[in-house]
Amino acid sequence: MHGHPKINIKGSPFNRRTFLKLFAAGGLAAAGGASYMKFFEPGNFQITRRRLHLPGGPYGGTLLHISDLHASDEVNLGLLRKAVRIIEKIRPVPNAILITGDFITDRLPHPEGLLGELQRLAKIAPCYLTYGNHDGGGWSGFAYRGYPNTDFVDRICTQAGMYPLVNKRTELELPGGRVILAGVGDLWSGSMRPELSLKTFADTLPVLLLSHNPDTKDRLTSWHWDAMLCGHTHGGQCVVPVFGWRPVLPVKDKRFVEGLYNWHGRTLHITRGVGSLLGLRFNCPPELSLLQV
Ligand SMILES: [Fe+2]
């Protein structure tokens, strides 16, 4: 007799109906998971508070460290707006806002939205920043459909009233004294010039360094800095529950992913970032980091 082969074996719990039910449930779970990754977690901002020890401190100040905004026309402007509204309500108001790069993802034909949000940030507190691999330069221009240099992002940030510290330094006045704020250009973009912003001997004031990529640390061992603030890792962006596995981690030294680390007597702080690539996150919410110094 011809006909369809029977899947339904008598007595077997795994008949076609069960299979279809399981298939539908799996599909729903996948769709649910995808919606969660796309529509819930990327906007679930966490404010974390940590104490960052600097020599001669405490300085009685609070610094907001944010990173990796990744503004892109289709993905992230609404999220950025939400983050800025949360930051506006933080009390006490931070003494400064420190931004460690990746303002954009690739090209941004309509930068007005980003500009508006950066202007709002600059009204809260003085904003100091450096750029990341996505902000323009060797990596972005040739490997990622981005800008060949940082002029575009630089124009937006300075127009917003922010202070780029790309291979530059300045002093920041805090209630308990002054600290040096220094920055270096991005590692992957080949725009790091530490000789322009750092010294090889100890400064009289503590040096807080802004550098997008935490791997930078290994290239800066002969320069003097006390703490380095970074982003770039996005905390992994997707973290497998229970195992803690982070399949997407674009750094060589995978020990340094998020949070505070002591590294040969110096401090590293890595924030998970405000935005993300493709607007997807799982078990790794975006972060607004408050550092008490
Ligand atoms: Fe990034």
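Two strands pair if DSSP finds at least two bridges between them. Strands (E, at least two residues) and helices (H or I, at least four residues) are themselves DSSP runs, numbered from the N terminus. With those ideas in hand, we can walk through the structure together. Keep in mind that this is a predicted model, in which local features need pLDDT of at least 70 and side-chain atom pairs count only at pLDDT 80 or more, while totals for chains, interfaces and linings use all residues. Residues are numbered from 1 along each chain as its sequence is written, and side-chain values use heavy atoms, with hydrogens and water left out.

Let us start with strand S12, residues 287-292. Strand S2 (residues 62-66) pairs with S12 in the antiparallel sense, over four bridges. Within this pairing, His65 stands opposite Ser289 in S12. Strand S1 (residues 46-51) also meets S12, but here the two strands run parallel and six bridges join them. Look for Arg49, which stands opposite Leu290. Is S12 mostly covered, or is it left open? Five of its six residues are buried, so to speak under cover; buried means under 20% relative accessible area, exposed means over 50%, and partly exposed is in between (1.4 Å probe, protein chains only).

Now step back to see the sheet around S12. Six strands form an open sheet with mixed pairing, in the order S1-S12-S2-S3-S4-S5. S1 and strand S5 (163-164) stand at the edges with a single partner strand each, so one side of each has no neighbour in the sheet. Elsewhere in this sheet, S3 and strand S4 (residues 127-130) pair in the parallel sense over four bridges. Ile97 has Cys127 in S4 as its bridge partner.

Next comes the metal site. Which residues hold the iron ion? Asp68 (OD), His70 (NE2), Asp102 (OD) and His234 (NE2) coordinate the ion at 2.1 to 2.3 Å. Donors are N, O and S atoms within 2.8 Å of the metal (3.2 Å for Na, K and Ca), and sites may look incomplete because water is not among the atoms. The angles among the four donor atoms are 86 to 178 degrees, and the site is irregular. Four donors count as tetrahedral if all angles lie between 85 and 135 degrees; four count as square planar and six as octahedral if opposite donors are over 155 degrees apart and all others between 65 and 115; anything else is irregular.

Asp68 lies in the loop between S2 and H2 and has a positive phi of about 50 degrees although it is not a glycine. At 0% relative accessibility, Asp68 counts as buried. His234, in the loop between S9 and S10, also has a positive phi, near 55 degrees. With 5% relative accessibility, His234 is buried.

Finally, turn to the aromatic rings. A search of the whole structure finds six aromatic pairs. Rings of Phe, Tyr and Trp (its six-membered ring) pair if their centres lie within 6.5 Å; planes under 30 degrees apart count as stacked, over 60 as edge-to-face and the rest as tilted. The rings of Trp139 and Trp188 have centres 5.6 Å apart and planes at 50 degrees, so this pair is tilted. Trp139 belongs to helix H4 (residues 138-143), and Trp188 to the loop between S7 and helix H6 (194-197), 49 residues apart. The rings of Tyr147 and Phe152 are stacked, because their centres are 4.4 Å apart and their planes are at 25 degrees.
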